[in-house]
Amino acid sequence: WGLLYAIFLNVFYKAYGMTTIGDDQFLTVVGGIGSLFSAVIAFAVGLLSDRYSFKRLACVIYSIEAGMPFILPYLSWSKPVFFICSMVGFGILGSSGALFPAELSRIFGNSTGSTLSGLLNTGNVVAFALLVVEMKALLSIFSYSGLIMLQGLATVAALILA
C-alpha cells in the first residue's frame, strides 16, 4: 500500500499532467529528470541503509509520500508543484528499489535474500501491469484527484500498520 502514490505517478504522471497542465514538452522533461532522480535517490538511500535501520528509513520515506496525495490534487496546475510532487514519486520508487533487496538479504542471508529480491522484482512487474488495469477501471469511478487521495489514505494506513 505504501507505494501506491509512487507507482501511480511513475505510470500516470504524463496522462494526469495532461489533464492539469497540458504541456507535453514539460511533462517529457519531468519524466526524463524523474528517471535520473530515481537512480540518484536509490544510490543515496542505499548508502543511508548502511547507517540507518530499514524501518526508520521506510517510515521517513513513506511519511513524505503520505503527504503528497494531499498536496498534488489541489496544486497540480502549478508546474513547480507538479514537478516536485513527481520527483517525490520517482524518488520513492527508487528508494524502495534500494531498501528492500538489502533488507531481504539482512533477514534471510545473501543467497536467499537475493533470490527473494529477484522474485520481488518479478512481482513488481506483474503488479505494475495489474495496477494499470485497476487504475483505468477506477478512473471510470473516481477522478485522477480522487484516486490520488485514495492512495494517500492507503499510504497513511500502511504507516499506521507499520
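Contact here means heavy atoms within 4.5 Å. With that in hand, welcome to a short tour of this predicted model.

View 1. Beyond residues up to four places away in sequence, Ser105 touches Asn110, Gly113 and Ser114. Ser105 itself belongs to helix H5, which covers residues 79-108. Is Ser105 buried or exposed? Its relative accessible area is 19%, so Ser105 is buried, given that the cut-off for buried is under 20%.

**View 2. Ser117, a serine of helix H6.** Here we move to Ser117, which is found in helix H6. Ser117 has a relative accessibility of 10% and therefore counts as buried. Setting aside residues up to four places away in sequence, Ser117 touches Pro101 and Leu104.

**View 3. Tyr16 and its surroundings.** Tyr16 sits in helix H1. With a relative accessible area of 1%, this tyrosine is buried. Apart from neighbours within four places in sequence, Tyr16 is in contact with Leu72, Pro73, Ser76, Phe82, Tyr144, Ser145 and Ile148. For a sense of scale, take Ala162: the C-alpha atoms of Tyr16 and Ala162 are 30 Å apart, and the two residues are 146 apart in sequence.

**View 4. Aromatic rings, with Phe26 and Phe82 in focus.** How many aromatic pairs does the structure hold? There are seven. In one of them, the rings of Phe26 and Phe82 have centres 6.5 Å apart and planes at 55 degrees, so this pair is tilted. The pair links distant parts of the chain, since Phe26 lies in helix H2 and Phe82 in helix H5, 56 residues apart. Both phenylalanines, Phe26 and Phe82, are buried. The two also belong to one aromatic cluster, together with Phe8, Phe12, Tyr16 and Tyr144.

**View 5. Helix H2, from its start to its buried side chains.** At the start of H2, a side-chain oxygen of Asp23 comes to within 3.2 Å of the backbone nitrogen of Gln25. The buried residues of H2 are Phe26, Leu27, Val30, Gly31, Gly34, Ser38 and Val45. Which helices do these buried residues pack against? Their partners are H1, H3 and H5. The length of H2 can be checked too: at 1.5 Å a residue, its 25 residues should span 36 Å, and the end C-alpha atoms are 35 Å apart, which agrees.

**View 6. Confidence across the model.** Where pLDDT is low, the predicted coordinates should not be read in detail.

Technical notes:
Residues numbered from 1 in each chain as written. Predicted model: local features only at pLDDT ≥ 70, side-chain atom pairs only at ≥ 80, totals over all residues. Heavy atoms only, no water. Helix = DSSP H or I, 4+ residues; strand = E, 2+ residues; numbered from the N terminus. Buried < 20%, exposed > 50% of the residue type's maximum accessible area, 1.4 Å probe, protein only. Phe/Tyr/Trp six-rings, centres within 6.5 Å; stacked < 30°, edge-to-face > 60°. Expected span 1.5 Å × (residues − 1). Polar contact = N/O pair within 3.5 Å; in protein donor to acceptor, adjacent residues only side chain to side chain.
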